[in-house]
Amino acid sequence: MLGLKSSKHVAEVTVRLLKRVYKIPWKCTPLRTLVDMWPQFTKPELMSELSKSSVLIRRRHKVEQTLEVMRREGAANLHVISDFDMTLTRFTHNGERVPTSHNILDSRLLVDEECGEKMRELFHTYYPIEIEPSLSVQEKIPFMVEWWTKVHHLLVGQKIRKELLAPAVKEVISVAPMLRSGHSEFFSQLARHRVPLLIFSGGVGDVLEEVMRQHGILHANVGVIANYMDFDGAGVLRAFKGDLIHTLNKREAARAHVARFPEVGARRSVLLLGDNLGDLHMAAGVPEPRRLLTVGFLNDRVDARRQSYLKAFDVVVLAQDETMDVPNAVLRYVMASQGNDGE
C-alpha cells in the first residue's frame, strides 16, 4: 500500500511539473518518454514568454539550443525574415477580421461597390483553399495564382490613383488597431541594433509600406518584397510590377530578391515569422538551420492545423495571442549578450 501511495505521489508531482513547463493541456503535447522530457522540465526557463498558454513548442530542447547559438552570435549576426498580413498584423480585433493589405484596397476611396463585392467573393472562394490542411502546397498553388491574378485585374480596372492610398490606409487604421500589440518594440529593437528586417508578402507593397509609414516604423533597416503597383505618369494604376508573389511561392521570391539586400549575406542567425506553412520557404538559402528559429502564428482553423504547425515551426503562437510578445522576447534574449548595445 505504501508503495502504491508513493507511486501515486510521484505521478502527481510529475504531472504538476509538466503543467508548469508547458502550461497547456497534456493531450496537446506530443507523446514522449519521461526520460526524453526530464531535462526539459527540470531546466530553468530561458524566457517566460515561451511558457504562455497561447504558445506551443514540440521540441523545447531544440529551441533552447538554437536560442543559445543565436545569443552567442549576437545582434551583429542576426537578421529577421517576416510575412506581413496576419503575422505582423492582427488576425482579429473585437471579434472582427482585421483588413489585410489587399482588403484595405476595398475602400470607397479606391474602388466602387461592384469591384469590392467581387473581391469579397474571391476571398470567400479561395481563402478556404489556402488554409485547407488536406491539400498539398502544389495542389493549392494554381488556385492562389488564379486568386491574386483576378484581384489585380479588378484593381487595375478601377484606375486607382496613387494619391488616394494614404487616405485609404489612414481611414482603416483609425477604426481599429491593425498591427499586433508590441509592434513598436519589435521594430525599434531591430532599428536600434541595425538588424535587417526583410518582409516577404503576397500583399500589396505600396499599401503595407504606407501602413508602416503611418505607424512610424518604416525604418532604414526594413526591406520589403511584395506585389507593387505600377502607376503611369498621371499617378493612375496601370498594372502590377514583376512576377506575382503569393503565400505559397515565397521560396522563389526569396531567392530572386535576396540579392537586393547584400547586408544580410554575412548574417547567419535568422528569426523567421509567418502565419502560413508556405512562409517557411522565406528562409530558402539559410546556410545553417541550427541558427534558424521559426515562429508560426496559427490564426485560423486552429484544431485542424495544430499538428502540422507544431511539426513545421519551432514555436507556434495560437490565435488568442494577438501580440509580438514571443518575437520581442527572442530579440531581447539574443541582443542581451555583452557588446551588443547597438550603439
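Analyst: A nonpolar core is a set of buried Ala, Val, Leu, Ile, Met, Phe, Trp, Tyr and Cys residues joined through side-chain atoms within 4.5 Å, and buried means under 20% relative accessible area, with exposed over 50% and partly exposed in between (1.4 Å probe, protein chains only). This is a predicted model, in which local features need pLDDT of at least 70 and side-chain atom pairs count only at pLDDT 80 or more, while totals for chains, interfaces and linings use all residues. Residues are numbered from 1 along each chain as its sequence is written, and side-chain values use heavy atoms, with hydrogens and water left out.

User: Which residues touch the most other members of the largest nonpolar core?

Analyst: That core has 76 residues, and Leu155, Phe186, Met212, Met229 and Leu271 are the ones that touch the most other members. Helix H12 (residues 325–335) contributes the largest share of this core, 7 residues, where a helix is a DSSP run (H or I) of at least four residues and a strand (E) one of at least two, numbered from the N terminus. Leaving out residues up to four places away in sequence, Met212 touches Phe84, Phe187, Ile199, Ile217, Leu218, Val222 and Val224, where contact means heavy atoms within 4.5 Å. A second, separate core has 20 residues, including Ile81, Ala254, Leu298 and Tyr309.

User: Why is His193 called buried?

Analyst: His193 has a relative accessible area of 13%, and this is under the 20% limit, so His193 is buried. The residue sits in the loop between helix H8 (183–192) and strand E5 (197–204), and its C-alpha atom is 9.7 Å from that of Leu78, although the two are 115 residues apart along the chain. In the protein chain as a whole, buried residues make up 51% of the 343 residues.

User: What makes Pro133 partly exposed?

Analyst: The relative accessible area of Pro133 is 37%, which falls between the limits of 20% and 50%, and therefore Pro133 counts as partly exposed. Pro133 belongs to the loop between helix H5 (113–130) and helix H6 (137–157). Setting aside neighbours within four places in sequence, Pro133 is in contact with Arg301, Ala304 and Arg305, and its C-alpha atom is 7.0 Å from that of Ala304, which is 171 residues away in sequence.

User: Why are H5 and H6 called roughly antiparallel?

Analyst: Axes are lines fitted to C-alpha atoms, for helices over the stretch in contact, and angles run from 0 to 180 degrees between N-to-C directions. Angles under 35 degrees count as roughly parallel, over 145 as roughly antiparallel, 65 to 115 as roughly perpendicular and the rest as oblique. The axes of H5 and H6 cross at roughly 170 degrees and come within 10 Å; that angle is over 145, so H5 is roughly antiparallel to H6. By class, this contact has 13 nonpolar, no polar and 5 charged residues, where Ala, Val, Leu, Ile, Met, Phe, Trp, Tyr, Cys and Pro count as nonpolar, Asp, Glu, Lys and Arg as charged, and the others, Gly among them, as polar.
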